[in-house]
Amino acid sequence: MKIQGKTAAQIVDCVRALVQSQQLLPGQALPPVRELAAELDINRNTVAAAYKRLAAAGIALTQGRLGTVIRDPYGAGEQEGALPDTPLTDLASGNPRREWLPDMARAFTARPYRPRLYGEPTVNPGLETYGRGWLAPDCPGLFDINVTHGAVDAIERLLVSHLVPGDKVAVENPCFLSSINTLRSAGMAAIGVAMDDEGMLPRALEAALEKGARAVLITPRAHNPTGCSLSEKRARALARVLARHPQVLAIVDDHFALLSNAAYHSALPTGAPRWALVRSLTKALGPDIRVALVASDAATSRQLRLRLASGTSWVSHVLQDMVEAALGQTEVAQLMARAREDYVRRRAALEDALRAQGLPHAAQGDGLNLWIPLPADDQAVALAMARRGWLLRHGEAFCVQEPVPGLRVTLSDIEPEQCAQLARDLRQSIA
C-alpha cells in the first residue's frame, strides 16, 4: 500500500483507487495523520482534511484515538427483526404483534384495480384526502402530501434531497436503528442529542444545531428504543429552539400515530420554512405494507417529488389502493383499537413487575418498546439474560457518540404472566 498526493483531493483519490483495486481492505487502518504527513512531506491539516472527506464519503470510518480504518461498504449495521430459530424468548425484534395485523387480502379485493400509466399523479386522490384530514391539525402551515415506502424511506429521501455527504444531522440519543443506518449509508454524520422521559433536551438540541447540524429528526411519541413521548411543555421548548434556526430541516417521525396512546404535541414552530411530518402505516397494517404519508411545506415537497416521480420510484398504486381500502374498513379500525389497548396492557404489566423489583424504566411510555436504563455494561446484562432464556437488545446499538447504557424490551409478544419472571431474572442479572 502506497498512499500518494500533495493535496487533500489527491490523497482522497489515491485511497479510493486503492480501495477499488482491493489493495486496501475493509477494516484495514490508514496511517496516523502525523505519520502520513511526514511521509508525504505535507502539512498535517491536509491529511486530516483528506481523512475527513473519506469519512464523509463513506469510504473510511474515524474511531477517535483508535485511528481511521477503511469501512466495509456492505456492512448494513444492526437491523430490526426477529432472530430465526432462536431458542430464547425473543423480546428484541421491534415487531408488532402478528394477530393485530389486518388481512390485507380483503383490502385487495375490496375494489377493482384500475391500471395506471406513466405520467399519472403519484398519490391516490382518496389517500391524499385521508392524509389531509389526518395531518392538517398537526401541521405548522400550508402543506402538500406525498406517499413514500414507509417512514425510513421518507427520511432518507428528505435528507438526500436537502443535504450532501458529510452534513450533520441531529438525532435522539439513543436513536432508532434504521435512522442510524440511513445516515451512515448516506455518508452523513449523526450528532446525538440527549433526552429524558419527555424527549429531546432543548439545550442539547441547541448545542447540536450550533455545531452545524443541518437537519434534525424528532420522534414525537412512542420513541424507539425508549418508548418516550414529547410532553406539551417539551414540544413547545423544542419549537422555540427550531424557530431560532430556520435554516434547519426539521423531520418529525410520527411512526406509531395510528396506534399511539399518547397525545401528539408538535415540536414544529408555526410558519416553519422547511419541515416534514411523516406518519407511517406499517406498525398498524404490517411491516410489509411499505407506505407512509408525508406532509411538508411546498418547497420541501417539490424536492421530495423529484425522487418520487411517475415513471421512476413512486409508490405502487396497487399498494395505495390496498391501504386506502383498509383504512376505510370498520373492522380494521376496530382491530387497531384492540391492538392499542393490548399494547398498553402489556406495557403496564411489565412496568408493574419492574417496579416490584425496584428496577427503573422510562416512564409514561408508548409504542412497542420499553427502555430499562442501566448504570453500566449493558452487554454483560444482556448476555446474562440470554443465559436465563431472554433475548433483549442492549443499548450500544442505539447510541450515537455518547453511550446510554440500557436494555430495550419489545412488548408485543410478552405475556403478562411472563413479566414477573423477566423482572426477577433482570434483578439477578444486574446484581
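This is a predicted model: local features need pLDDT of at least 70, side-chain atom pairs count only at pLDDT 80 or more; totals for chains, interfaces and linings use all residues.
Hi everyone. First, some ground rules. Residues are numbered from 1 along each chain as its sequence is written, and side-chain values use heavy atoms, with hydrogens and water left out.

Let's begin with the whole protein. It has 15 helices and 15 strands. Both are DSSP runs numbered from the N terminus: helices are H or I with at least four residues, strands are E with at least two. The radius of gyration is 23 Å, close to the 22 Å that the globule rule gives for 431 residues, so the protein is as compact as a globular protein of that length. That radius is taken over C-alpha atoms, and the rule is 2.2 Å times the number of residues to the power 0.38. Along the principal axes, the C-alpha atoms fill a box of roughly 75 × 60 × 45 Å.

How much of the protein is buried? Of its 431 residues, 52% count as buried. Buried means under 20% relative accessible area, exposed means over 50%, and partly exposed lies in between, using a 1.4 Å probe and protein chains only.

Now please find the sheet. It is open, with 8 strands in the order β4-β11-β10-β9-β8-β5-β6-β7, and its pairing is mixed. Two strands pair if DSSP finds at least two bridges between them. At the edges stand β4 (144-148) and β7 (199-200); each has a single partner strand, so one side of each is left without a neighbour in the sheet.

Strand β5 (residues 168-173) runs parallel to β6 (residues 189-196), joined by 6 bridges; one example is Ala170, whose bridge partner in β6 is Ile191. β5 also runs parallel to β8, with 3 bridges, and here Val169 has Ala215 as its partner. In turn, β8 is joined by 4 bridges to the parallel strand β9 (residues 249-253), where Val252 partners Ile218. Is β8 enclosed or open to the outside? Of its 6 residues, 5 are buried, so β8 is largely enclosed by the rest of the structure.

Across β5, β6, β7 and β8 (213-218) lies helix α8 (residues 202-210), running at about 165° to β6. Angles run from 0 to 180 degrees between N-to-C directions, with axes fitted to C-alpha atoms, for helices over the stretch in contact. Contact means heavy atoms within 4.5 Å.

Leu205 is buried, with a relative accessible area of 0%. Beyond the residues up to four places away in sequence, Leu205 touches Ala170, Val193, Met200, Val216, Leu238, Val241 and Leu242.
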